[in-house]
Amino acid sequence: MRGMIALAAAALLAACSTQPPRAVARGMPSLQLAPSSLGGTLALQQRLVFTHGQRSDTVDALLEADADSVRVVLHQHGQVMLRLVWDGESLRQDRAAQLPEALSAQRVLDDLQLVHWPAPAIRAALPPGWQLLEAPGARHLLNHGETVASVSWPDEHAARLDNHREGYRLDIRSAAAQP
């Protein structure tokens, strides 16, 4: 099963808010795909390792997605760091005060959708000049021919997102969530 890229980035979310539709942040397009465009459901427990420069942070996550919404809970050392809900129209979050203010909930959703959503749904949401290329076990998001982000799946329980433009990597180990 493909790992969940967006969750580790979620550990670094900004202030609580509802994000405006089709916002563009960080020089990356906001996908904001409908939960139903996933074409199925997800229920994952994950260990996420977020690396930026010399710093590395690990969090655990629970992800559920169905046709109605995407729900994420991040926890570290037994403390809930983030609750995130995307219903296709609004992005809501509750976050712990110690999370850095510099990163947004939109990043979490964008990374999540880049990893899990079907390529045709992603391609339909990309603005002019952007494209998504796929090869066996990999995806590449390009802007005017420049690779901005890459996703790879080394095995069925692992995924890696490299955001070349922002200089971070997210490694994910996933298992089916227990009911």
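In which strand is Q46 found? I looked it up and found Q46 in strand β1, residues 42-52. Strands here are DSSP runs of E with at least two residues, helices are runs of H or I with at least four, and both are numbered from the N terminus.

Before going on, I noted that the model is predicted, that local features need pLDDT of at least 70, that side-chain atom pairs count only at pLDDT 80 or more, and that totals for chains, interfaces and linings use all residues. Residues are numbered from 1 along each chain as its sequence is written, and side-chain values use heavy atoms, with hydrogens and water left out.

I checked the accessibility of Q46 and got a relative accessible area of 4%, so Q46 is buried. Buried means under 20% relative accessible area, exposed means over 50%, and partly exposed is in between, with a 1.4 Å probe and protein chains only. The side chain of Q46 makes a polar contact with the side chain of S174, at 2.7 Å. A polar contact is a pair of N or O atoms within 3.5 Å; within protein, one must be able to donate a hydrogen and the other to accept it, and residues adjacent in sequence count only if both atoms are side-chain atoms.

I then turned to Q45, also a residue of strand β1. Q45 has 32% relative accessibility and counts as partly exposed. Leaving out residues up to four places away in sequence, I listed what Q45 touches: A61, L62, R173, S174, A175, A176, A177 and Q178. Contact means heavy atoms within 4.5 Å.

**Entry: aromatic rings**

How many aromatic pairs does a search of the whole structure find? I got 1 aromatic pair. F50 and Y168 form this pair, with 5.2 Å centre to centre and 35° between the planes, and it is tilted. Rings of Phe, Tyr and Trp (its six-membered ring) pair if their centres lie within 6.5 Å; planes under 30 degrees apart count as stacked, over 60 as edge-to-face and the rest as tilted. F50 is in strand β1 and Y168 in strand β10, so I wrote the pair down as a link between distant parts of the chain, 118 residues apart. Are F50 and Y168 buried or exposed? Both F50 and Y168 are buried.

**Entry: salt bridges**

I counted 12 salt bridges in the structure. A salt bridge is a side-chain nitrogen of Lys or Arg within 4 Å of a carboxyl oxygen of Asp or Glu.

I looked at D171 and R160, where the closest N and O atoms are 2.6 Å apart. R160 is partly exposed at 31%.

Next came E146 and R165, a salt bridge with its closest N and O atoms 3.2 Å apart. E146 lies in strand β8 (residues 146-155), while R165 is in the loop between β9 (158-163) and β10 (168-176). E146 is partly exposed at 42%, and R165 is partly exposed at 32%.

I ended with E134 and R123, whose closest N and O atoms are 4.0 Å apart. E134 sits in strand β6 (residues 130-135) and R123 in helix α3 (residues 119-125). Both residues count as partly exposed, E134 at 40% and R123 at 38%.
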